Each structure stands twice: as C-alpha cells, then as structure tokens.
Amino acid sequence: MAHLTDMFRTMKILPLSCSTAILSVVFVSALLWAQEPAATETDPPSDLAAEGALIANARQLTFAGKRAGEGYFGAEGTKLVFQSERDEANPFFQIYVLDLETGDTERVSPGVGKTTCAWLNPDGKHVMFASTHGDPESVKLQEAEIAFRKSGKERRYSWDYDEHYEIYSAPLDGSSEPRNLTNTRGYDAEGSYSPDGTLIAFASNRHAYSDPPTGTDKEEFDRQQSYLMDIYTMKADGSDVRRLTDVRGYDGGPFFSADGKKICWRRFSPDGATAEIHTMNVDGSDQQQITRIGAMSWAPFFHPSGQYLIFATNVHGFANFELYMIDAAGKHEPVRVTYKEGFDGLPSFSPDGTKLSWTSNRTSDGKSQIFLGDWSHEKALGLLGLDDRPASEPAIPIPAVLGTKAGITDEDLDVHIRYLASEALQGRLTGTEGEHLATEYVARRFKDYGLEPAGTDGTYFQPFEFTAGIELGGGNVLTITQSAGSAPSTELAKDWQPLALSSVGNVGPLEIVFGGYGLEVPEGTGDDGKKYELYSSYFHLDVKDKWVLMFRYMPEDVGPELRRRYAQHSSLRYKALAARQQGAKGILVVSGPNSQARSQLVPLGFDASLAGSGLAALSITDALAESLLKAGGEARSLKALQDKLDTGEMLAGFPLKDVKIGATVDIKQQKRIGRNVLARLPASEADAQAAPVLFGAHVDHLGPNAGMTSLAVKGEENQIHFGADDNASGTAGMMEIAEWLAAQRGAGQFMPTRDILFAAWSGEELGLLGSAHFARELAKSLNNGNADEPLTGRIAAAFNMDMIGRLEKSVVLQGIGSSSYWQTEIERRNVAVGLPIVTQDDTYLPTDATSFYLRGVPILNAFTGAHEDYHTPRDTADKINLEGARKISTLMGLIVRDLASSAVDPDFKEVKRPEDKGARAGLRAYLGTIPDYSQGGVEGVKLSGVTKGAPADKAGIKGGDILVKLAGKEIKNIYDYTYVLEAMKIGDAVEIEVQRGEERLKLSITPGSRD
C-alpha cells in the first residue's frame, strides 16, 4: 500500500479536479506514523557474527608506523605489497613487500618523495608503484612536511593529486633503478597489472595538461584535479597508451578480473559527492554501472571466480566505510560484509580466493593498518544467491511451471508470496530488475492458467515511463562576489545544493535581500473566530530581479492557531511562488538555528509535480547564510533575526549590500520504465457486450534503500524491503483467483457473461502510476484521444486487494459507499467463508482502486490493516497468515465470479470526501502512531500499535489505546488528530489523553521532526 508521502505525489499526477479528494482518512493517518530511525548498538554481536560468517580468523597484519594500507597479493599468494608511513626520514607513504611465509618486510620504493598504489608483477621479479621522487622539489617538500609535524601540528588526512606522480617499475632485488613508465605531466597512478603481466591499467588526468580545459571545466579542475581523471591502459613497458573513459568526474582505482577480460573501477559524480562501481571490457567497451547506492562506493576488487566483486561504501554514515559485495552483473543489491564502525576499505583477494586483505582502523589506537582473514567463498555465493554457477549465468531464474492446484490454497499462496518477497527480487521497486522478474513471474503464471494477453502489442505487459527521481548534474556552480573580505566556501552538497523545485540554468550574479520566512498569508478569520491580519514578508521590500534569502519553515513560537494558519502557506513551493510573483529571480533557503531540522540542507527529494518553480531555488547552510549577512553589512546574527521573527511579529526585510550571488543549476530527471501485467479471462460468448470486470493488485514495493518512504529503524535502512504483505499477498491472491476462475471456466462450471481483466499494477508505491496510466490510456482509446473522460459503464467494477496477509481480528472491505451492490453481495458470499468483516464507505484510498473510483467506477478493496512491519524490511513471508489470505481471496473470488455472471452493472454512487480542516502543506511533526483501520464506530483514534522508539512509544502509548485528547483539543476522528498535530511545535511537550480499557490516562508526549 502506498505511503502517504507518495500519495501527495499522486495528488499532482491525477487530474486537478480530483487531486484534493485524495487526502482521505487513510492518507492522513499513514503520515502520522512515519518515523525517524531509532538508535542501535554500534557493533552489535549479531552484526559481528554476520561478519565472521564471511571473514574467519581475522587478524591485524601490520602494526608498524603511523598507518599502512592497500595490501595486494602477488601472483603466487605468498607476498603482499603495501604502502606505509613508517620511515622516520620520510613522512609520506613508501612501498613495502611482506613475505607472508617468513614475515620479512622490505622497502622497495626509493625512499624519497611520495609513493602509492603498488602492484607486484606476475613475473615475481618486479614491482610497480607511483612515485614523485622524480620531482626536483620532492626532498624539499619532504623536509617541510617533517618540520610541520615536529611543530605539533597535524593535517587532516586527504589525498594529493600531485602532477609529478609517475608510474615506475623496479626490480624486487634492487639491482637497478626504478624505470619511469609514464613520463608525462599529470597525475599517473593507481596502476595494476593484467593477470598475464602484459597490460597495466591506471588512472590519469594527463589530458587536462596536454589539452587544458576551459570555462566550467577549468574552474572545476583548478579546484580539484581529480575532476578530469580517467582510466587508461598501456603495455607493461609503457607503450601503446589508450584512454578508456572520458567523462567528467573521477574515474580511478582500476583492477583486472582474474581472467583478464574485465576491468572494474569506481566513478565519482562530477561534484565528488558520490561514487559508484563500474565494470568494462579491457578495450573500454561495454561499460556498466553495477551499483546504485548513492553514497561513496569505491575500491572495487574482483573475486578470482569472477562471479562477484567486493568494495567499500559509506552508505551507513559519512565516516563509516564498510565492505560490501555485489554480483559481477550488478543485477541485485549489494550484500554487507563488515560491521565495524569506522573505516573498512581497500579490499583485495588472494589469487585462490581464500584470503581477504583489507585496510581498517579497527586497531587499538584507531590508526589504519592492514588486516587479513580467511574468506568463505561458499557463504558469499549463498548470500548473493549465485550458488556455484558461472558469472554469465542468470543467478535468479524465473521458476518453471509450479504445478499449483486449480483451487485457492494456502500452499499455492505460500509459493507465490515466498518468490515475490524473496531476497532475489530485492523488493520489486518499479523500474528495477526485481520488478522485471516479478512481472515476468506473474505473466508466466497467467499464461499457464490459459488467460489471454491483454497488454501492449499482444503481450501480457503494458510499459509506462515515469520519473524515478532527480539527481544533480555535473554543471552546478555557485559563485559569491563581495566587496570586502574573501568569499566563503561554496562546496556543492556541503554548503549548498539546489532544491528539487528549482528551475535549471544560469542566474546572476544578482543582489540579495533578506525576506524573513518568505510568507505571504492573507488576512482572514481563524477557526476560533478571531480575525487575523495580513502577514507579509515582502511589505515595502523590493525583490525584483534579486535573490531572496529566507528561512525554511514558519515562525516557531507562535500559538497553535497561527501555526495552523501559517502551515498552509509555508511549503517551499508556496514560498517560491510568492517570491516569483514579487519579481524575484531566485530564493536562498536556510533552516536557521531554531528550526531543529535534522539536516540543514533540504534533501534533494523527489518532487512529483515534475515542474520547476519558475525561479532558481537553492538550499544553503546556516554558516553560509551567516557569512552573506555579514558580508552584506548586517550586524544582527542569523539567530537574532530568527529569534525576532519567531515571535510572530513581522520584521522588515532589507537588502544585503556589496554582496552578490550567481548560480548555475543543473538538475536531471531519472527516467525509468515500469510495466503492468494484464491478462483477460474472456466471456463465454465471443460477442458479449457487457462491460468487463477489473481485478487488480499491485506487484511493486519499495526495493532496497527505500529512502523517505521507508519506516525502517536505524540499522535497517539499507536492507531489502521485501513487501510480503505489501503487496505480494494481494498479488498472490489475485493470481489464485485467476487460476481458479480459469479452471472453472475450462471445466464448464463457470460461464462468464463479461470479460474479467486481471492486472498486476506497478508503480503503486510511487503514486498509483501503473493503474493511473492504464485508466488514462483506456479513456483515451474509448473517447477519441480524450484521456480525462470517466469510465462509468466502460468498467463494471474495479476489485483490488492490497495487503491481505495479516488477518487478525477482521478484514476491512473499503469502497462500500461506491455502490449499493456491495453490501448484499458481501453478506451473501461470506456465509460460506465466515470472515469477520468491517466495512468502510471510504473511496479515497491510497491504493490502485482510487484510480478507477475517480473515473466513476464502483470499487471494492480488501485490506487487513497496518502493522509495525509495514514499509520495513521486517515485512517477510514467514509472517503471512496464509489461512486468512486464502479466505479473503475466496470471498473476493466469489463476489467477482457472481458479478462476471450477471448482466446488470453495479450502480455508481459518489461519496462525499470526509471533512478536512483545509489543504495541508505537509505535517512536519510526528508522533509515530499506527492507526487501526478496523476501528469501526470508535470515537477518537484507535491505534493498532506505535513505532518503536518514536515519541508515542517513549510516552508510554500502546497498541489498543484510543487517542481522545491532544494538546487540550478533543479528538473525535483522524481529521481532528491531524488538525491538532499540524499546530504542534517540534520539541515542545504537550499532554495527550488515551482511553485504555476502562481507564483514561493522561501522558506527556514530545513531537519529533520528520525532516
């Protein structure tokens, strides 16, 4: 079932006239229990045990010197070459070879200058490394560094892309001087030999020196020389140099596969904020990105089997690098290897694949050294789902015909759910390989059952393109010019970044004005009957053709009524619109020290409106905003200004003198293809004219790394969200009904008078994308291209099952109010099934049925309710109530069977949308409550549970409690609850009253922040 944060996206996808109807009871309540991750133990024993299953007998291998790292095995596996700072006469890395049989260690680099990135030649007689010892200034630089360190100072460790780095080959026995293989201006390093010793792969920015960049490329290269780094190969003697990559950003760290056919490397985004793992053929062809983590993923290394790679990533935190592995084809999400807070990186396998060397600061003094452990290849294969097959063979084949029974059975439901919610499918995120496998599975089952294809071009599939998200392009630039002092740092993703709603292109340099909270709130009367005056951040403020510097949220210290009033005008889109209407060219949004924001920079979240705001929109840090104020001659601090504004008083805006900002905004939409699965069980008579029945369930889920839609607690965020209940259960039930009815029709026991169209929708979790696409295309085909026409009479009814796997007290049948047909049919067909049922009239639901109700089609949706595993990795197949799912599928199957045999269409009834207290800009405060959707006529908000570690949990609220009063306001329903929550201030404790059995309890609760 789609998460509420995604449902706001749906409101923008559906026709404008329908969008406000989406904010129903389920939509609102889903948002109330979105949570912030709870804290967990740093290195829990269970995690360390998981690490030990892959790496046994781990031990620290090197101890000497300040640090050591990058240990790589020789071809025989008996020697290890590495770099270390252990020479008192040289503060920089030098290269050493360790004999693993005797423990003898010998320096093999010259001892002068800086060295790095060594590799033992497969001939066993030579070593290769990068060094600056040929730089005439190397000795002087070395002495200066020694003097600096003796002064007691210490630099923050960072890598140096010295243009004097060259790649050298030297005999291990020291019989001759190292030979320069590159001898070209620029950084040449990170070299490795091919297995046969004939080729060297390396990283270089030499082309930036031979063909100097201009414009933005020059600016970026001057700032960071890695910006124009690419992968090259050359023969072992330094001849026949070939450039394999040519993109902006840092391509580096190339290593060959054991068969010499492939090269792996890591590619940084142009802004240096993220890196991903790539592979290619040795000639540079077939370049493939195999990770999509969105973090700093680097240092890949092939296992000798060629079936998978190991690499490091900081997906768990900026400074916490962990080792992960991924299959060589990149078909599935990575699997975690190490579980120790700190740095674990630079891994390499021994030639036989039984040993793993890596660099870690899990030492007693916290300094990086090399560690060595025994590697379990078999365990790795199992965790990756590869078994013992060649890397080219598909690791996750679609199961063959299952031999399922024609009836609706627990056993068959279990088979379907376990496959759809398996690790192999990685959570079935729309547009991914997991979704492709899931839809292929459903299509094959439909074909097995004898259903006709009803998709595009005679297939079972209906593809649709969608925007999966947005990402920063390589051209983002921010420049600050000021008359006094030096301009502050403007590092992308650290000091500033564009907002998702920003227009793209060049702006400025332009003047800046301070515009408070950027609010424009008209005068009006509040719910308390009190008249409120106009609140304007632009009163007597000239912002035409300028940037407006504004705070992110709304005044913090005003009363609940004003908070509620301001909330409707405080969204960033609304603020951008207000600024544009005043003539501004851009907005600069700062969170401010009073906001208690979890991140100073507004995350580059997906904005489903897919439209720019008509002006540039940037998020900047408090520090950058402070520096702009100071440069502009403002004596008051950022906090002083926010303190004044937080009282609710209007504060006159003002220009910032002698400081200007110019920006280039480059945001790219990520396009993907999802697909619905469509199949038809035809009417018995070929010329049947009755409108078809539609029966659907969404097959997609969240995938791994589920981001803002996930309700995972800390430590679970990057795990697969299996979606067994949501919605493998509904899809499995839909397939079982299709098989049952097809078998009955084939045996002459069911003679449908109308077609039944079965649909496995995709894109539901992203905003009902697949079902909305189907409805749109159907309306277009039936109405001469008009995609907005209703479908009343064109579809007799739309059935849907979304989350039917956790039956406890009762099943909720929703959408009853859409037709007078349902009540009688439910009563009649449930006599044989005997389900406990709660009916709800609601028709504005966060599931695919809504795509059809809004077009005039009666709907019926089955749902067993929310639970604490919803939208987390804990929604697994072993927790499914198979008997309950079978009974629900049987009931829905009986109802659809009856309708498909009837010549009379159900009538369509419009249901009034439940009263809302006004349009919501989005709730910032959260309590972590899980509403009970089967609460029936209870007055208040009954809870099925609370999120562990959330404010409600800390306050002592429990599942089964009924919320009756909050912050002094009576709570009669979910809308009262949302209305009060909207007015609450983050961090301010309020009283909450709950009914627990016969007892009424008064508790204290402190709202948390969503962002």
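**Note on a predicted protein chain**

1. Strand β16 and strand β17 (residues 288-289) run antiparallel and are joined by two bridges; strands here are DSSP runs of E with at least two residues, helices are runs of H or I with at least four residues, and both are numbered from the N terminus. Two strands are said to pair if DSSP finds at least two bridges between them. Within this pairing, H278 stands opposite Q289 in β17. The two strands form a hairpin with six residues between them, and G284 in the turn has a positive phi of about 90°.

2. The model is a predicted one, in which local features need pLDDT of at least 70 and side-chain atom pairs count only at pLDDT 80 or more, while totals for chains, interfaces and linings use all residues. Residues are numbered from 1 along each chain as its sequence is written, and side-chain values use heavy atoms, with hydrogens and water left out.

3. For the protein chain as a whole, the secondary structure comes to 21 helices and 52 strands. Of its 1011 residues, 57% are buried, where buried means under 20% relative accessible area, exposed means over 50%, and partly exposed lies in between, with a 1.4 Å probe and protein chains only. The chain exposes about 39800 Å², of which carbon and sulfur atoms supply 49%; accessible areas come from the Shrake-Rupley method with a 1.4 Å probe, and for residues only the protein chains shown count as cover. Among contacts between residues at least 6 apart in sequence, 68% join residues at least 24 apart, a contact being heavy atoms within 4.5 Å.

4. Strand β15 pairs in turn with β14, in the antiparallel sense and over four bridges, and F256 has I263 in β15 as its bridge partner. Their hairpin has five residues between the strands, with G260 taking a positive phi near 75°. Because six of the six residues of strand β14 (residues 251-256) are buried, β14 is largely enclosed by the rest of the structure.

5. Elsewhere, an open sheet of seven strands with mixed pairing has the order β27-β37-β29-β34-β35-β36-β28. Its edge strands, which each pair on one side only, are β27 (477-482) and β28 (496-498). Within the sheet, strand β34 (residues 547-551) and strand β35 (residues 586-590) run parallel and are joined by five bridges, and the bridge partner of F551 in β35 is V590.

6. The axes of helix α9 (residues 410-420) and helix α10 (residues 433-449) come within 10 Å and cross at roughly 155°, the axes being lines fitted to C-alpha atoms, for helices over the stretch in contact, with angles from 0 to 180 degrees between N-to-C directions. That makes α9 roughly antiparallel to α10, since angles over 145 degrees count as roughly antiparallel, under 35 as roughly parallel, 65 to 115 as roughly perpendicular and the rest as oblique. In this contact, V415, H416, Y419 and L420 in α9 meet L437, A438, Y441, R445 and Y449 in α10.

7. Helix α9 also packs against helix α19 (residues 882-900), where the axes come within 9 Å and cross at roughly 105°, and α9 and α19 are therefore roughly perpendicular to each other. Here D410, L413, D414 and I417 in α9 meet L882, E883, A885 and R886 in α19.

8. Helix α19 also holds D898, which is buried with a relative accessible area of 18%. Leaving aside neighbours within four places in sequence, D898 is in contact with Y821, E825, R828 and R829. The C-alpha atoms of D898 and E825 are separated by 8.6 Å, although the two residues are 73 residues apart along the chain.
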